[in-house]
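Subject: Structure for you to look at, with notes

Dear colleague,

I am passing on the structure we spoke about, and below it you will find my notes on what turned up when I went through it. Please read them with the coordinates open beside you.

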Amino acid sequence: MIRSGSINLRKIDCLDVLSILMLFVFAAIFIFPFYICIVTSIKTPLETATSVLALPSEIQWSNFSQAIKISKFSTAFINSSITTFCSVFLIVVCSSMAGYVISRNYKQKFFTLIEMLYLGAMMLPFQIIMIPVYRMMKNMNMINSLWGLILLLVGTSMPYSTFLYIGFVKTVPKELEEAAIVDGYGPYRLYWQIVFPLLKPITSTVAALHVLWMWNEFTISLIMLQKDSVRTIPIQQYFFFGQYTVNLNLGFASAVLSMIPVIIFFLASQKYIIEGVSAGAVKG
Amino acid sequence: MKHSLVKGSKYIFLIPSLFFFGISMFIPFLTGLNVAFTNWDGLSKSYDYVGFNNFRLMLSDKNLIVPIRNTIYYALFVTVFNNIITLFLAVMLNRKFRGRNILRTIFFVPTCLSAVLAAFTWGFIYREVFQNVFGANSPLGSMKYVIPGIAGITLWNSCGINLVIYLAALANVPNELNEAALIDGAGRWRKFWNITVPMIMPAFSVCVTLTLTYSLREFAMPMAATSGGGPARASETMAIYIYNNLYAFNRAGYGQAVAFAFMIFLIFIGYSVSRIFRSREVEL
């Protein structure tokens, strides 16, 4: 009898041992930087200089409070939170609506045209619009404004997130909508009360992916945020880490602090993120 | 049955999405076309139209050779190693054993961190750990090894994506195929080449195309790892060169023309790579 597990029953040979060994070497390489980050963040500069790998004799908790102060961590954290929250909210609202009507009217030329436009825009490198965007934002006095940044992040995310919604709406049956129309639902009530709740799986995926991407966004933020007071965490850290005088232990304390929320978020939403990555790729 | 949305309101549903997309991508794209034909310096209010001068200039621009070479070298390096490593990891993780999910999480977590964090952490590892443990100098300071060095950070920071895509593809390979091969007495390599490879060809084509087009546009990682493409331009990518034309050299018009040429190059590469793969995919 063949069970699905029977494939694993063959003899373990050299190649198996070698590949399992390789797997653990890779795992070790992937974890090692986290070890370095944590260990360095709780050491004194002297301890780091004596041995980079060793554990500290005493945990320097003060590194964290000092890092928060000199890397202006709280301001950056608030800026990142505002930017991420607002842009993800707008991305979900706008792209779900657009994805819904594009998917439901895919036979009409106008909607196909928009879909093609978005597909094409997904291929564009950001550099092609970097210079005009900078000029436009400067003319509108929106450089150093979080709202300007949010506007750009939402706009540049639109093609991909809409694309994910278009794919999902195709799998949602129309019967409920038709019944709701018979019941006299208007278009907006129909959408928000009937359709949007049905899109919850893809909404979780789009939201989870974009929380990560917006939180880590570098290129657009770099050209937009030139003052300390508006910088998000990646930009603040870019300038903070770039200072030659920076105390590395404080640098790592700041790094660890910024990793914690992302990793917690990832562990909590892992399922949606992984689904989103594989779904987008299969259809793309 | 009539359309789920009343006429007119379906266009209204598109407006928010088109508003953000229009302001941050569509209009900048069009003004960018305009800028490419001017000698605008990025700062002043006035500029002159110079016709195709910028494009002519590009053909004789010796400074352009370095970023072109760096970009291609970096992209090939990342694409080849990323796909070899993630394919290996995916095949290894595509069996049931305890700790499988933990390993998958370990390989994915670095993908959630920003390029700035990854670059800072690995910059330190290259500098301190390589020096103390292996007695080697940081690759980031060497003209010869800076690109493999940056590519290494990118691999750590992005392998999770392709790993998840390959795992999803491998999970879709029907078990009957493997069992049939086992009964026919096919060896491991024959099974891999004749069953696994053809079955995951679509995922392979997506992963290679995605990695290639993303790494050709790379901006954040070399920017963060070497503060702007050093040492002596040895890691300056096309994206950084375009950025420098705006912010350092005050040649926005020329930079925009380069960006357009770059875009055409990217579309050409993306199109031909996916063409090559599509012809090799099998239908089941």
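I begin with one residue, Ile150(B), which sits in helix α7 (residues 146-171) of chain B. Please bear in mind throughout that this is a predicted model. Ile150(B) counts as buried because it has 29 C-beta neighbours inside 10 Å, where 20 or more are required. Setting aside residues up to four places away in sequence, Ile150(B) touches Tyr74(B), Met221(B), Pro222(B), Ala225(B) and Ser235(B). Its C-alpha atom is separated by 7.2 Å from that of Leu140(B), a residue 10 residues apart from Ile150(B) along the chain.

As to confidence, the model scores ipTM 0.87 and pTM 0.88. Chain B has a mean pLDDT of 87, with 96% of its residues at 70 or more. Among the elements of chain B, the highest mean pLDDT, 94, belongs to helix α4 (residues 65-93), and the lowest, 78, to helix α8 (residues 175-183).

Chain B contains 13 helices and zero strands, and its C-alpha trace spans about 75 × 75 × 30 Å along the principal axes. Of the 284 residues in chain B, 42% are buried. If one takes the contacts in chain B between residues at least 6 apart in sequence, 72% of them join residues at least 24 apart.

The chain is divided into two parts, domain 1 (9-51) and domain 2 (56-278) of chain B, and the C-alpha centres of these domains lie 30 Å apart. Where they meet, domain 1 of chain B contributes 10 residues to the contact and domain 2 of chain B eight residues. On the domain 1 side, the residues that touch domain 2 of chain B comprise five nonpolar, four polar and one charged.

The buried residues of α2(B) are Ser17(B), Phe20(B), Phe21(B), Ser24(B), Met25(B), Pro28(B), Gly32(B) and Val35(B). What do the buried residues of α2(B) pack against? Their partners are α4 (73-104), α5 (109-123), α6 (127-139) and α7 of chain A, together with α13 (252-278) of chain B.

The contact between the two chains takes 72 residues from chain A and 72 residues from chain B. On the side of chain A that touches chain B, helix α13 (residues 248-283) of chain A gives the most, with 13 residues, and by class that side has 50 nonpolar, 18 polar and four charged residues.

The largest nonpolar core holds 149 residues, of which Ala119(B) and Tyr166(B) touch the most other members. Helix α7 (residues 146-169) of chain A gives the most to this core, with 15 residues, and the core also draws at least three residues from each of domain 1 (9-51) and domain 2 (56-278) of chain B. Apart from its neighbours within four places in sequence, Tyr166(B) is in contact with Thr86(B), Leu87(B), Ala90(B), Ile200(B), Ala203(B) and Cys207(B). By way of general background, in soluble globular proteins nonpolar side chains tend to be buried together.

Three further residues may be worth checking by eye. Lys138(A), in helix α6 of chain A, counts as partly exposed because it has 13 C-beta neighbours inside 10 Å. The C-alpha atom of Lys138(A) is separated by 9.2 Å from that of Met224(A), although the two are 86 residues apart along the chain.

Asn141(A), in the loop between α6 and α7 of chain A, has a phi near 60°, a positive value in a residue other than glycine. Is Asn141(A) buried or exposed? Asn141(A) counts as exposed, because it has 9 C-beta neighbours inside 10 Å and the limit for that class is 12 or fewer.

Arg233(B) likewise has a positive phi in a residue other than glycine, here near 65°, and lies in the loop between α11 (220-226) and α12 (238-247) of chain B. With 17 C-beta neighbours inside 10 Å, Arg233(B) counts as partly exposed.

With kind regards

Note on methods: Residues numbered from 1 in each chain as written. Chains lettered and ligands numbered in written order. Predicted model: local features only at pLDDT ≥ 70, side-chain atom pairs only at ≥ 80, totals over all residues. Contact = placed C-beta atoms within 7 Å. Helix = DSSP H or I, 4+ residues; strand = E, 2+ residues; numbered from the N terminus. Nonpolar A, V, L, I, M, F, W, Y, C, P; charged D, E, K, R; others polar. Domains from an automatic or database assignment. Core = buried A, V, L, I, M, F, W, Y, C linked by C-beta atoms within 7 Å. pLDDT = per-residue confidence, 0-100.
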